[in-house]
Amino acid sequence: MDTELTTEDLEALFVNNGDLERLGAYLNRFNPIRVMKMEGMEIRHSSILSWLMDPRETHGLGDRFLKAFLSEALRGQGGSPSALDIVQADLRDVEIRREWQHIDIFVFSPLKKWAFVIENKYYSRQHKGQLSKYAEKVMAIYPGMTVRGIFLTLWDEEPHDPAYAPINYEAVAGLLSPLIAQAGQTLGAEVTTFLRHYIEIIEEETGMSQQQNDAEQLARDLYRQHKKVLDFIMDHGAGTDFNFAAEALCGENRHAGDRFSVGSNAYVYSGINHYQWSFLPETWVNALGGWETEWPGCEKWWAGLPLICRFELVEAKDMKGKLRLIAEVGPMSDQNSRNNLIETIKSVTENKEFKSIGFGVKATDTGTKYSRFFKKNSEEIDNTQDAKEISDKMTKLLTRFEPNFDAVSQALPKSGAYRIAASYRTASLENDKF
């Protein structure tokens, strides 16, 4: 198969390609919610919805969205108040509370003596007993109040408490569009534009967006037609916010063995992918005999040395995550030498100042190949798509662990590790003569 990339291949994709231009226009649409990276944040959806439900707020819908939402959720559920009760009611007296008693959205009508507990699950899942606990808490605080539970989810999910009425975000988008049309100019241009942006976010997430479906099909067609070029770009040109964060500290186009500085310490670059960046303090590299020193057993492990440091980004939901600074002893062929290296690093902890260094109980067991030794070595990331936040947290961790880097570098020569590597290298050179 011909895999060589030619100028003609690149021109076919990038020169006057109407399909690529249409896809670019779709991807570059302006949406302030997306710009602020809030489209996947459950708490932001709760804030927007509670704003829409409050008749006193600035949207201009009065209680129309609130009534539409509650009646749609309670449709066919029976009980009191029913969907028909809601439609006929005047709910302009309601109070809307956010995160009251840990309830996502609490709707309270003093005149009707109605209360609605709305649990919002955008990506997260319900916990056992969570829904029942909220309803019971409201009834205890407001005795004599009629309490209804509503379970709002991104996709259809049955509430653990059958007393809760289910509704999904697809229904929310379906309610908002006609309300905007009916309200007309009374909403104002800014509110209308914002709500259309919000509907767009929901429709894309729930698969309702025909525009998104068309764009996805167009992307598939482009990939089939230009697979060679696009695969090349993904292999050699892809970047992530994690990459950009690392580049902010060590610079662009780094190669293994390049030196960079953060704060008062110098480091040696090893490598990077979309979620891990490996490096070593320069003092460790020197203590281990230099970057080119060969270590039996470590030839295919990270930088080829028995020690490595790396940042690792672990993503969670709602674009949150955790950044870890990992220091690790690798798979040395000689078990005694490996254990000696570990014991030397352990000796640093005799000084109580270095409580952030410590190995697991099996670190020196026969057969153990990988042993991490930094503790309390992580920082929470509020937005894993924010390169500056990631870069700032990297700097914070490196600064915090500077004393640990220095202490380990001072201890390393005592391990005799370099002498072992040097003797291995000498033996290899002797063998090469024959």
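Strand β3, residues 114-121, is joined to strand β4, residues 146-153, by eight bridges. The two strands run parallel.

A word on where this comes from. The model is predicted, so local features need pLDDT of at least 70, side-chain atom pairs count only at pLDDT 80 or more, and totals for chains, interfaces and linings use all residues. Residues are numbered from 1 along each chain as its sequence is written, and side-chain values use heavy atoms, with hydrogens and water left out.

Now the sheet. It is open, with five strands in the order β1-β2-β3-β4-β5 and mixed pairing. Two strands pair if DSSP finds at least two bridges between them. Strands are DSSP runs of E, at least two residues; helices are runs of H or I, at least four; both are numbered from the N terminus. At the edges sit β1 (95-100) and β5 (164-168), each pairing on one side only. From one strand to the next, the twist averages 25°.

Next, a helix on that sheet. Helix α8, residues 169-183, lies across β3, β4 and β5. It runs at about 70° to β5. Angles go from 0 to 180 degrees between N-to-C directions, and axes are lines fitted to C-alpha atoms, for helices over the stretch in contact.

What does α8 pack against, at an angle of about 145°? Helix α5, residues 64-74, with the axes 10 Å apart. On the α5 side, the contact uses R64, F65, A68, F69 and E72. On the α8 side, it uses A171, V172, L175, L176, L179 and A183. Contact here means heavy atoms within 4.5 Å.

Let's move to another residue. A327 lies in strand β10, residues 321-329. Why does A327 count as buried? Because its relative accessibility is 0%; the cut-off for buried is under 20% relative accessible area, with a 1.4 Å probe and protein chains only. Leaving aside neighbours within four places in sequence, A327 touches W284, I308, C309, S371, R372, F373 and F374. F279 is 48 residues from A327 in sequence, and 9.7 Å away, C-alpha to C-alpha.

Last, the whole chain. It has 17 helices and 12 strands. Buried residues make up 48% of its 434 residues. Its C-alpha atoms fill a box of roughly 95 × 65 × 35 Å along the principal axes. Among contacts between residues at least 6 apart in sequence, 63% join residues at least 24 apart.

Definitions and conventions: Buried means under 20% relative accessible area, exposed over 50%, partly exposed in between (1.4 Å probe, protein chains only).
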